[in-house]
Amino acid sequence: MTAVGDGMREDAVGGLDLRELECFLALAEELHFGRAGERLFVSQSRVSQLLRALERRVGARLVDRTSRRVALTPLGERFLTDLRPAYDALRSAVGGARDAARGVEGVLRVGFQGVAGRTVMAAVHAFRERHPGCEIEIAEIPLADPFGPVRRGEVDTAVVLLPVAEPDLTLGPVFSRERQTLAVSVRHPFASRCRLDAEDLADCPLIGPAAPAPAYWRAAQAPSVTPGGRPVPAGPAVSTLQEGITLAAAGRGGMLLCRPTGTYQARDDLAFVPVDGLPPSALGLIRHRDAATARLRAFGTALAGVAEA
C-alpha cells in the first residue's frame with residue numbers, strides 16, 4: 001500500500017479521492033485506526049479524517065467504531081467487496097504500464113524453504129534465459145517464518161509450503177503436489193515399515209515448525225490429530241528444516257516431509273517411510289498483494305511453465 005501523507009497530490013476517480021479509498025481498504029483489513037495509520041504512514045486522526053470524507057461522498061456510514069471494536073457496516077462490507085477488485089485492477093494497470101516502459105530488469109530475490117528443488121531451479125534458469133537483464137538472487141527462508149521475509153521485503157517472492165491463508169499475500173502457481181513421508185531415526189520401530197497409515201502417527205511425536213509461523217500453517221505441517229481423531233503427540237518445535245532432520249535422526253520424533261525433500265535429505269541415520277491417508281504436500285509461490293511488478297509476473301510465468309511441463 002502506498003503512503004498517503006498529507007502533502008500528497010489528490011487523485012480522484014469519479015469524484016473519489018484515491019487516498020480515501022486506500023484508507024478505507026487498510027482500515028477494513030486492520031479493523032484498527034492506529035494500525036491502519038501505521039500502514040499508510042499517517043496519524044490515527046488522519047485516518048479518521050479520510051474515512052469521514054469518504055463517508056460524506058458515499059452518503060452513509062461505512063465503519064462502526066466504538067471504544068471496544070471497529071467493524072464494517074453492511075454497506076461497508078458491500079463497498080469493500082466491490083472496491084477491492086477494481087482498486088487492484090487500477091494498481092495493476094498502472095504498475096503494468098510502468099514495468100512495460102522499464103522492461104524486466106533489476107534484481108529479483110526469490111526465497112525458498114529447506115530445499116530449492118528441481119522445479120524451482122528450472123524456473124530460475126528459464127527466467128534467466130528469457131530476461132538476461134534481470135539478476136535473480138536465491139535465498140533460504142526459515143521454515144518457522146514462511147511469510148515474514150516477503151512482508152519485511154527481505155525477498156520479493158517465495159516458494160513456501162501450503163496452505164497460505166494470508167489476506168496481504170497473493171498465492172501464485174501451486175505445484176509439486178507430492179505424497180508425504182515420515183522421517184524417523186533408523187532405530188525407530190517405523191523405520192522397518194514399507195508404508196504407514198495416517199492413524200499410525202498417533203504413536204510417534206511429530207517434529208514441527210515453531211512460531212512465528214501461523215498456527216494453522218504449523219498444524220498442517222505437524223497435525224495434532226489423525227484423520228480419525230486420535231491425538232498425535234507433539235515433538236520439538238524447530239526453526240529450520242535441518243534442525244528438524246537432525247532431531248529426527250536423534251530419535252526425538254518423526255518429521256513429515258514430501259517425497260522429493262526426503263530424497264534430497266537422504267542420510268544413513270534416517271529412514272523415510274511413505275504415509276497413506278494424508279493430503280499431499282504442495283508448494284506455492286507467494287508475493288505481497290501490493291507488489292505486482294513485471295519481474296514477479298515473469299517469474300510466476302516461468303515457474304508455471306516448468307511446473308506444467
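Q: Which residues of α2 meet which residues of α3?
A: In this predicted model, Phe33, Gly34, Ala36 and Gly37 of α2 meet Gln44, Val47, Ser48 and Leu51 of α3, where contact means heavy atoms within 4.5 Å. Helices are DSSP runs of H or I with at least four residues, and strands are runs of E with at least two, numbered from the N terminus.

Q: Why is α2 called roughly perpendicular to α3?
A: The two helices, residues 33-40 and 44-58, pack at about 95°, with axes 8 Å apart. Angles of 65 to 115 degrees count as roughly perpendicular, so α2 is roughly perpendicular to α3.

Q: What makes a set of residues a nonpolar core?
A: Such a core consists of buried (under 20% relative accessible area, 1.4 Å probe, protein chains only) Ala, Val, Leu, Ile, Met, Phe, Trp, Tyr and Cys residues joined through side-chain atoms within 4.5 Å. The largest one has 24 residues, and Phe147, Ala158, Val160, Met255 and Ile286 have the most contacts inside it. Its largest share, five residues, comes from α8. Apart from it lies another core, of 22 residues, among them Phe33, Val47, Leu62 and Phe79.

Q: How much of the protein counts as buried?
A: By that cut-off, 44% of the 309 residues are buried.

Q: Which limits apply to the model?
A: Local features need pLDDT of at least 70 and side-chain atom pairs 80 or more, whereas totals for chains, interfaces and linings use all residues. Residues are numbered from 1 along each chain, and side-chain values use heavy atoms, without hydrogens and water.

Notes:
Axes fitted to C-alpha atoms, helices over the stretch in contact; angles between N-to-C directions. Parallel < 35°, antiparallel > 145°, perpendicular 65-115°, else oblique. Buried < 20%, exposed > 50% of the residue type's maximum accessible area, 1.4 Å probe, protein only.
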